[in-house]
Amino acid sequence: MPRKILTVDDSRTMRDMVTYTLKGAGFDVLEAEDGVKALGVLASTRVDLIITDINMPNMDGVTLVKRVRAGGAHASTPILILTTESGDDRKASGKAAGATGWIVKPFAPEKLLSVVNKVCPA
Amino acid sequence: MSTPTFGSDELAQFRRTFFEECTELLADLEERLGALVAFSSDVESLNAIFRAVHSVKAGAGAFGYTVLVGFAHRFEALLDRLRDGKAELDERTLAALVAAADVFSALVDLARQGEVPADDFGADVAEELGALLDGAAPTASVARPAEAAPEAAKPAEKSYRILFRPNAELFRHANEPLYLIREMKTLGELTVDCDLSRLPPFDAFNIDDSYLGWTMTLRAVCTPAAIAEVFEFVDDECVLTIEEIAAAVEPDEASPVVAVAATVATTVAPPSDPQPSGSKPSESKAAGKTGSISSIRVDLYRVDRLVNMVGELVIAQAMLAQQFTESHSHDDPTALQGFEHLAGLTRELQECVMAIRMQPVKSVFSRMPRLVRDVGHKTGKDVRLEMAGEQTEVDKTVVEELADPLTHMIRNAVDHGIEDAAERLAAGKPAEGVIRLSAQHAGSNILIHVEDDGAGLDRDRLFAKAVEKGIVPAGAKLTGEEIDELIFAPGFSTAAAVTDVSGRGVGMDVVRRNVQALGGRVQVMSTPGKGTRFTLVIPLTLAVLDGMVVAVGWEKYILPLTSIVESFRPGRGQIRVIPGGGEVVSIRGEFVRLIHLARVFGVTEAVADPCQGLVVLIELANGGKLGVVVDELIGQQQVVIKSLQDNYDPVPGISGATILGNGRVALIVDIEELTRLYDRNARIADALRQPIAANA
Amino acid sequence: MAEPLDLPSIGPDAATAQTRQFISFRVGEDEFAIDIMAVREIKGWTETTVLPNQQDYMLGVLNLRGTIVPIFDLRCRFGLGLTTATRSHVVIIVAIGGRLLGLLVDAVSDILTVNAADIRPVPDVDQPIDNAFLAGIIPVGDSMVVLLSLENLFANHGPANAAIAA
C-alpha cells in the first residue's frame, strides 16, 4: 500500500506543488488548508507523514505540531515543517514543538523527495 | 536555492493557480489594511496582512519572481516587527504600509503579465520600509546564516568515522535512525557497528528510552558537511561526532575533527544515565581557557518542560499530603515528618528550577542609552542616563516583557519629563538633565525605578486635560497625588502637542496594562520642579505566585500575597456605611473602602457581615488601600499559575487559575480589577435603588 | 488514552467515501449528536469551580489533568432550564477551534455511522431550540437524532477568539 502523506498549507499553489511532486513519486496525498482542518483529517485517517506550513489562519503549523505530538494516533508520526529561508527561528520553534525536520521554500521537487525519503521512505 | 524543475505544463498550471490565489490574497490584504487604518491596534488584521504577503512571497519564490520576493521580504519584515510589538504602528508606518501594498499589488500585476519590473520600481517605498525597519528595535536580523560554508574541497575519497548515539528526544520527534543510516549509505561505502553495551537488563528496560549507538565507517568522496547534512534534523537530539580517519588517501591533511553538536562532557551525566543531555556546549572556546565548562547552553523548551513538570510535582505533592492528613489524621508522626520533608524538598527543587530561567535585566537596560541619545537628539535636549542594578535577575519572560514599558517610560522621561536647557538654567538646574534607571530585588518582586530630574508632572494641565476628556468632572477636588495618577487613565496622553517622538500618544495606560499583565504594578511620584519617579513592582516569575487562599461561600480564591498588608476581623464600631451605600472600615485613623468578594463575584451563602468574616487589607498599585471581605483565610501557599484563556475567554476580576491540593481549580483574583468591577456592579445597583441614609 | 480511530476518510481527496460518524447523547427526552472527530474524552460529572458573572449555562471550570477546561450546560444553552447535575451525568470534552470545552449532557447513547447523504436539513418549524444550533437531522430507525452545530452553540466563546492566541 502506498504511504499516505497529509500536506497542510493555506496556499493552494503550495499544496498543488507538494501534492503533484509526491503523487508523482507514488505517495498517496491528502490536503488540508489549516491546522484545524488537518486535525479533522487526522482524527479519521492514519497518515505516515505530515508536511505543514507555519503561517496559516485558524491554527498555525507550530500549534498543529504541538497538538499532534500531545497524544493520539499520530503522536509519533514524522512531521516536516515548510519554512522560508529566513525562518531560522521558525525552524527552531517548529523543532521545539516536536517537528521531525523541515523543508525550505521554495523547493525543488528532488529536494522535497529527498527530505521525505529521510523521514518516511516510500 | 535551486529553482524548481517542474515540467512546463505543470508549471504553467501552478502559475495560473498562483495568480488566482494572489488576486484573493491581495483583495483580503486591501480589506484588512482598511481595517488597520480604522483601528490601528487590530492584531488580527496585522496577522492576516502578514499571512497574505507571506503566501505571495512563498509562491513568487517558486516561480523566480525575484523583485517581488525581495519587496515582499521587506514588507513582511516590517509587518512581523509590528506584530511582535517591536515597532510602533504610527501614522508614518501606516502610510508606508498603504504605499507598500500598492507597490506590492503592482509587482504582482507585472509578474502576471510576464513583465520584468524596472530596477528602481517602487524603490522609494522600499527605502521607506528599510528606514522603518532600521528604526525599529534592533532585534534578530533577518539575515540567515549561510546554508553550508562554500566548500572548495577537491574530489578525493576520504574515510570518516562517525559516532551516532540518538537520545530519546530523537524518537519523540519521530526520527528514525535506520533511515538516517540508509541515507548515509547513499554517500559511499559504509560499514556499521551497533553498540549494545548500554542496553539495561530486561526488567529495567524503558520503551521510551534510547539505548543504542552506532559506529560507522564511511569511505566516500564527500565533505564532513555532507555527512552532517544527513543528520541535519537531529543534530541536537543525539551525540554525533564525525572525524576523518588519518589513514585516508591523502595523508598530508592532518585529520580535522568536526564535532557537530558535540556532547556535554559525559561527566555531567550520572553514569547510570544512558543518554547524555545532548546540549550544545556554550562558547566552548572561552570555557576551554579556564580548563572546565562553567556553563552549558540548554534549549529553552527543555527548561520550560522542566518547569512545568516541577509545577505538576508541586501540585501532586500537595494533593498527596492533603489526602494523607485527611485519611490518617495525626496518628503517624514519622509519615507526617516524611511528608514535611518532601514538601521542603519539592519547594527547594522548584526554586532551583526557576533559578535556571533567571536572567539579568541587563539585556533590556542596555538598549536604553541609545534610546536616550536618539530621543535627546531629536528633541534637542541634553540628557544623561545613569543605570544601576543591571545584574538584577528576573525570569526570562519578564525580562522580555519589560522592554516595551521601559522604552516607553524612558522615551517619555526625555520627551516630556526633562525640560529644555534654557528652562532648566532658568530654574537653577544644570543644563544637562539626568534620568536614573535602577533595578533591585525586594522579596519575590523586582523593583524598577525610572526617575528624572525634570519639571515634575504639570498638574494643572493634567487636570484640565482629564476634565476635557471627561475622565473627571470639572468641579472634582483631587489631591496632587490623585491628579498624578490620571496619567494612567485609559486614552490619556501627556503630550500637549503630539510630538514626533512619542507618536500618537499611546500613553501610560498601556504601560500600566503591560505591567499588570505581568502581575505587577506601577506607581508614580512627582514633585513639582524637582522631577518624576515611576516605580515598577513586578513578580520575579510568571510561573508561580505566592498566594493567600481565602474561602468565600463554597468557593476558594487566591489573593496575591504581595498586595496583602494584613488581615483582621473588624469590630462593630470600625464599620461605617457611607451615603450611597458603600462601606468603609476604619483602621488606625484611616478609612478604607470595603469590597465584598462575594458580591463582586456573585457568590451565594457567603458571610455578609464583615464583623463575622475577615477583612484582608490590600495595597493597590496606585498606593491606595482596599479592604476585601472574605469568609476566612485558609492559608498561604505557593501556587502554579494556569491560564484560563487557553480554553476560555478572559474573565473580569480573575487573572488566572491554579489547581489546589484536592485537585479542584481555584481562581486567582485580579486585585486591580476589583474596584472597577465593584463600581460597575454598584452603579447597576444604584440605578435600581435610592441611596440609603448614613450610619449602621 | 486515545485509541487510533479507524474511521473512513473524510479528507478532501475522499469525495466518494461518504460515511460519517457521530456520538449521540440524551438531553431530557431528546437525542442529539455531534461529530465524533470533535470528541476528545467522555467523563462523569464532577463539581466545577464557578467563574464569576458568566451566563448561567456556563457552569465553571474543571481540572482535566492539569488543563483548565470550561464546562457548559447544554440543556440550559438550549433555554430549557439548568440541569441538576449528579454523578450519573456525563461531560463530553470536545475540541472546537483549538480550544477544549466540556458539554454536560444526561447520558451518552450511541455511536452512529451515517451516510452523509442521509443527513437531512432542519425543517423550519417552531420549536424550543434556536435553529442556529442545529446542523441537521439524522433519521435512526423510526425516530431521529438532531445534529448540533458546535460552532454556533459556542460562537461567542471559541474559534473566533482562539485564533489570535495561536
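How are α1(B) and α4(B) oriented to each other? The model is predicted.

## Helices α1 and α4 of chain B

Helix α1 spans residues 8-38 of chain B, and helix α4 spans residues 91-112 of chain B. Their axes cross at roughly 170° and come within 11 Å. Angles over 145 degrees count as roughly antiparallel. α1(B) and α4(B) are therefore roughly antiparallel to each other. Their crossing is left-handed.

From α1(B), the contact draws on Phe19(B), Cys22(B), Thr23(B), Leu26(B), Leu29(B), Glu30(B), Leu33(B), Leu36(B) and Val37(B). From α4(B), the partners include Leu94(B), Leu97(B), Val98(B), Ala101(B), Asp102(B), Phe104(B) and Arg112(B). By class, this contact has 14 nonpolar, 2 polar and 3 charged residues.

## Helices α13 and α14 of chain B

Helix α13 covers residues 368-379 of chain B, and helix α14 covers residues 396-417 of chain B. They pack at an angle of about 35°, and their axes are 9 Å apart. The crossing of α13(B) and α14(B) is right-handed.

On the α13(B) side, the contact residues are Met368(B), Leu371(B), Val372(B), Val375(B), Gly376(B) and Thr379(B). They meet α14(B) residues, among them Ala403(B), Leu406(B), Ile410(B), Arg411(B) and Asp415(B). The residues of this contact divide into 8 nonpolar, 3 polar and 2 charged.

## Interface of chains A and B

Chain A and chain B bury about 3800 Å² between them. Carbon and sulfur atoms account for 56% of that area. Chain A brings 45 residues to the contact, and chain B brings 44 residues. Arg12(A), Met17(A) and Lys118(A) supply 18% of the area that chain A buries against chain B, more than any other three residues.

There are 4 salt bridges between chain A and chain B. Lys111(A) forms a salt bridge with Glu229(B). The closest N and O atoms of this pair are 3.5 Å apart.

## Interface of chains B and C

About 2000 Å² is buried between chain B and chain C, with 54% of it on carbon and sulfur atoms. The contact takes 22 residues from chain B and 25 residues from chain C. In chain B, Asn647(B), Tyr648(B) and Val665(B) lose the most area to chain C. Together they make up 35% of what that side buries.

Across this interface there is 1 salt bridge. The side chains of Asp649(B) and Arg99(C) meet in a salt bridge, at 2.9 Å from N to O.

Definitions and conventions:
Residues numbered from 1 in each chain as written. Chains lettered and ligands numbered in written order. Predicted model: local features only at pLDDT ≥ 70, side-chain atom pairs only at ≥ 80, totals over all residues. Heavy atoms only, no water. Axes fitted to C-alpha atoms, helices over the stretch in contact; angles between N-to-C directions. Helix = DSSP H or I, 4+ residues; strand = E, 2+ residues; numbered from the N terminus. Left-handed = near helix turned anticlockwise from the far one by under 90°. Contact = heavy atoms within 4.5 Å. Nonpolar A, V, L, I, M, F, W, Y, C, P; charged D, E, K, R; others polar. Parallel < 35°, antiparallel > 145°, perpendicular 65-115°, else oblique. Buried area = accessible area lost by both parts, 1.4 Å probe.
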